[in-house]
Amino acid sequence: MDGEYIQDVSDDDGVEVASRSGNNGAAGGAYGARARGRTRAKERWESGIQADSIAFGEGPDGNLAESLEAEEQARKRARLRQDNKPVQRGIIRHVVLILDLSEAMLEKDMRPNRYIVTINHAQAYVREFFEQNPISQMCVMAMHDGLCIRLSDLSGNPADHIAAIQGIRYPKSARQAAREPKGSPSLQNALEMARAALYHAPSHSTREVIIVLGALLSNDPGDIHKTIKSCVNDRLRVAIIGMGARLRICQEICAKTNAGDDSVYGVCQDEKNLRELLMATTTPPVIRQTAPALPSSEPTPNAASLLMMGFPSRVTESTPSLCACHNNLTRGGYMCSRCQVKVCSLPRACPSCGMTLILSTHLARSYHHLFPLQSWVEVSWKRARELGSTECQACMTHFPPVPEPQEPDAMQEGTDKSTGTDTANGAPKPVKQRPRAEGASESSRYECRSCHCHFCIDCDVYCHTVLHNCPGCLSNPNTAPTDAETNPEVVAEMAAGLENGVNGGEPMDME
Amino acid sequence: MNAIDGTDRHVRDSDNSPPPSLLTVILDTNPHAWALLSDTLPLSKAVANLLVFINAHLSFNHANQVAVIASHIQRAQWLYPTPHPPRSSSSPEENGTSTPTPPSATKYHRFAIIERELQDNLSRVISQTTAADLTSSTTTQIAGALSIALSHISRATQLSSPNDSSGISLDSTGPTLSNPTDTPTDPADGTPRARRSPLTSRILIVSVSGDLAAQYIPVMNSIFAAQRQRVPLDVLKLAGDTVFLQQAADATGGVYIAPSSPSARAGLLQYLMMGFLPDARARAALVMPGGGEVDFRAACFCHRRVVDVGFVCSVCLSIFCEPLEEGECLTCGTRLSLGAAVAAKPVVVPRPKKKKKRKVGDITGTSTPMSAGTPGP
């Protein structure tokens with residue numbers, strides 16, 4: 001796939017002009033490779049606002065609704081089919097988010113235009129980022145008219161960043177004008193700014209740069225390759241989300257700063273895709289083994305360290321007092337465990353002594369990155385018939401009924417890969433080979449591999465993105481036995497009491 | 001699922017009625033704990049009181065829904081609505097087939113259904129508990145029950161939300177993912193929800209057992225999920241002692257009440273009615289009980305000491321009460337450098353030569369250093 005991209009794009013690469021035609025040509029290539037299953041009658045931006053709802057193909061058997069549903073399920077699951085192996089991740093992150101505010105952002109391939117869409121999504125992104133990474137820090141910058149501007153300083157307070165992003169369009173002071181997209185972006189300036197901002201990030205944290213780039217060019221004052229090299233030396237990891245087409249230079253930046261892995265460079269096809277790509281970066285990055293070639297004199301990068309942190313208790317006061325963080329009068333807050341200074345909200349660094357103050361729940365919030373919920377697998381009709389599941393284990397949504405078994409099952413091995421059952425060995429002849437969207441289950445069931453419970457698509461998405469628990473595993477008797485006393489009488493007593501008490505009590509009659 | 005009696009019909013034309021509310025009750029049915037409570041508050045009485053409470057909740061609004069989950073030892077089980085166990089032969093049955101008793105003439109039909117199903121399921125849960133189950137564990141599966149409850153709420157919210165098909169979308173700025181495939185027909189009864197006002201949900205945990213330490217991570221995950229969905233977790237702590245549930249109530253904006261004395265427990269119904277009946281909208285206008293001090297201090301992983309200032313491994317986030325002797329994390333085994341934690345503070349020597357003012361504030365422009373001007377760390 002990447003080969004195609006490079007070939008397609010490399011023609012445009014030299015033409016560093018974000019002209020409409022160049023844009024289209026390159027975008028066509030990207031689309032063709034990305035959305036290979038789809039028929040492309042119209043370009044996405046030529047259709048209406050609801051373009052996404054018509055981007056489906058009719059199933060080979062003419063069943064429109066079913067193919068739609070499968071598409072939908074596949075789309076929902078797209079983000080889930082990754083991380084299920086516990087790997088070491090950089091939980092403590094330092095991230096610079098760089099938004100493109102160049103002319104190219106005035107393109108209207110997203111409605112109303114890229115600029116507004118990006119600003120909206122960036123705000124949602126900041127919120128989500130701090131949900132997922134409560135002990136991380138962020139800084140927002142913008143590429144505007146050849147320069148890189150710092151919008152907010154490195155901090156762990158999402159409100160600051162959201163205010164800064166909103167300030168792009170609606171500046172707080174009347175003297176400033178709204179920053180409309182202008183000029184061309186400079187990746188080199190952006191990287192140098194980010195490198196400087198992250199210079200002080202401690203060695204146990206990650207240094208990440210996330211760039212949303214709308215333009216198909218970079219107007220640099222010097223040699224960007226030198227900048228890339230120094231970024232690599234400084235352990236920066238750059239992720240780029242492009243629009244319209246892939247750029248060779250972006251690919252190079254991502255590959256070089258991510259140890260050869262350029263999968264962090266994505267090009268969004270539409271608004272939904274932009275959001276997905278952005279949200280994908282909220283997951284902490286994996287920690288790679290350090291290259292052995294590094295000079296051993298300096299401390300190893302990614303050195304784990306023991307951090308001193310304070311776990312302050314909340315206080316409520318009868319008289320208001322000034323908080324150290326905003327100089328506001330407040331009636332309560334958290335007292336720094338070391339210097340007894342009062343701060344309003346956690347997590348933050350103590351303004352007085354600099355110690356990190358957090359709640360233990362903030363640490364717990366990151367645990368799911370370390371112990372991820374394993375992916376659930378698609379369930380074939382055969383497997384569904386075997387277990388006879390009729391409804392979702394968690395939310396009790398009814399599944400579509402299992403069809404009557406046909407001679408050899410009309411299922412394909414593709415969707416059946418890991419349910420643990422043996423598919424019919426005798427080479428089942430495909431009676432009606434229906435190409436399903438990848439990732440969608442033909443029976444609309446998804447099975448947890450450890451508890452063998454079946455769940456619906458919504459619970460699958462919900463449990464993997466929000467809850468991070470498997471309702472089936474946690475509610476089944478599979479825990480290791482612990483010591484306790486045997487008293488079966490308790491049960492008998494309870495049962496007896498229930499029969500007598502509830503029926504005799506007549507608590508129901510409300511009238 | 002509760003449209004079985006057709007009361008939904010009347011709701012549709014009244015637009016100014018309060019939005020429906022879903023109450024999910026998690027009843028801790030840990031036999032060990034209830035055995036201890038049996039003198040003052042037997043389970044049967046608690047269930048009777050709970051049913052009155054549920055009926056009161058349902059009486060508020062036609063569209064109000066209720067769900068009850070038993071958090072038993074070793075498993076969590078639906079009490080209401082009744083789940084359909086997996087069957088090998090696919091012969092769909094009706095919802096409440098067990099024993100179709102003729103409906104009582106003096107009882108609101110819906111109350112009767114809930115009462116019957118809840119009692120049937122609860123006695124089934126109890127009768128299925130074997131002696132081996134009791135010996136193997138003394139804790140309750142609160143994490144499983146919470147996970148089920150939250151999944152159910154997520155689904156119910158999704159079904160009732162006006163246009164957003166993904167109930168887990170975080171805010172309104174996201175693209176509306178509504179599309180024609182998702183016309184939310186309630187699969188239970190097949191009726192399209194014509195008028196869909198947002199559903200407010202809450203979870204009430206009636207907890208009797210303590211010691212949830214084994215389920216720390218799943219419980220915490222559930223709490224964060226609830227926080228994100230803005231589902232308050234109300235906790236009625238009849239016995240036992242857990243900080244988690246108090247933190248859960250605090251983090252999600254729920255009510256935490258712990259009637260500890262036996263006489264207080266006898267007034268269970270009053271606690272339920274006064275403390276937990278108002279839904280999230282009504283609570284905005286009321287002064288809710290609780291709001292005491294919450295202990296947020298952490299327990300260290302090495303000695304279980306409660307600490308103010310701890311040392312945290314940057315890899316696995318384990319908390320220790322003192323710098324480790326060998327410099328090796330006890331949980332993940334990573335070699336940890338102590339530099340940042342202990343040594344760094346005194347070593348802030350101002351070095352005037354290095355204090356070159358970098359102009360980071362506003363605009364660097366084209367004057368950014370071309371070469372690797374910034375030295376590596």
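**Exercise 1. An aromatic pair in chain B**

Task: Classify B:Phe111 as buried or exposed, then describe how its ring sits against that of B:Tyr108.

Solution: 
- Step 1. B:Phe111 has a relative accessible area of 5%. Buried means under 20%, so B:Phe111 is buried. The model is predicted.
- Step 2. Turn to B:Tyr108. Its relative accessibility is 29%, so B:Tyr108 counts as partly exposed.
- Step 3. Now take the two rings. The centres of B:Tyr108 and B:Phe111 lie 4.8 Å apart, with the planes at 85°.
- Step 4. Planes over 60 degrees apart count as edge-to-face. The pair B:Tyr108 and B:Phe111 is therefore edge-to-face.

**Exercise 2. Rings in chain A**

Task: Find how the rings of A:Tyr125 and A:Phe129 are arranged, and which residues form a cluster through ring pairs.

Solution: 
- Step 1. Over all chains, the structure holds 4 aromatic pairs.
- Step 2. In one of them, A:Tyr125 and A:Phe129 have ring centres 6.0 Å apart and planes at 45°, so this pair is tilted.
- Step 3. Locate the two residues. Both belong to helix H4 of chain A, 4 residues apart, or about one turn of the helix.
- Step 4. Ring pairs join A:Tyr125, A:Phe129 and A:Phe130 into a cluster.

**Exercise 3. The surroundings of A:Ser102**

Task: Where does A:Ser102 lie, and what does its side chain make a polar contact with?

Solution: 
- Step 1. A:Ser102 sits in the loop between strand S1 (93-100) and helix H4 (114-132) of chain A.
- Step 2. Its relative accessible area is 0%, so A:Ser102 is buried.
- Step 3. The side chain of A:Ser102 makes a polar contact with the side chain of A:Asp100, at 2.8 Å.
- Step 4. Beyond four places in sequence, A:Ser102 has contacts including A:Met143, A:Lys182 and A:Ala215.

**Exercise 4. A sheet in chain A**

Task: Give the strand order of the open sheet and explain why S8 and S10 stand at its edges.

Solution: 
- Step 1. The order is S8-S9-S10, with antiparallel pairing.
- Step 2. Strand S8 (314-322) and strand S10 (342-343) each have a single partner strand, so one side of each lacks a neighbour in the sheet.
- Step 3. Look at S8 and S9 (residues 329-335): 5 bridges join them. A:Thr316 has A:Gly332 in S9 as its bridge partner.

**Exercise 5. The nonpolar cores**

Task: How many residues has the largest nonpolar core, and which helix gives the largest share?

Solution: 
- Step 1. The largest core has 76 residues; A:Leu363, A:Phe455 and B:Ile203 have the most contacts inside it.
- Step 2. Helix H5 (residues 142-160) of chain B gives the largest share, 9 residues.
- Step 3. Apart from this core lies another, of 40 residues, including B:Leu27 and B:Trp34.

How values were computed
Residues are numbered from 1 along each chain as its sequence is written. Chains are lettered from A and ligands numbered from 1 in the order in which they are written. This is a predicted model: local features need pLDDT of at least 70, side-chain atom pairs count only at pLDDT 80 or more; totals for chains, interfaces and linings use all residues. Side-chain values use heavy atoms; hydrogens and water are left out. A nonpolar core is a set of buried Ala, Val, Leu, Ile, Met, Phe, Trp, Tyr and Cys residues joined through side-chain atoms within 4.5 Å. Buried means under 20% relative accessible area, exposed over 50%, partly exposed in between (1.4 Å probe, protein chains only). Helices (H or I, at least four residues) and strands (E, at least two) are DSSP runs, numbered from the N terminus. Two strands pair if DSSP finds at least two bridges between them. A polar contact is a pair of N or O atoms within 3.5 Å; within protein, one must be able to donate a hydrogen and the other to accept it, and residues adjacent in sequence count only if both atoms are side-chain atoms. Contact means heavy atoms within 4.5 Å. Rings of Phe, Tyr and Trp (its six-membered ring) pair if their centres lie within 6.5 Å; planes under 30 degrees apart count as stacked, over 60 as edge-to-face and the rest as tilted.
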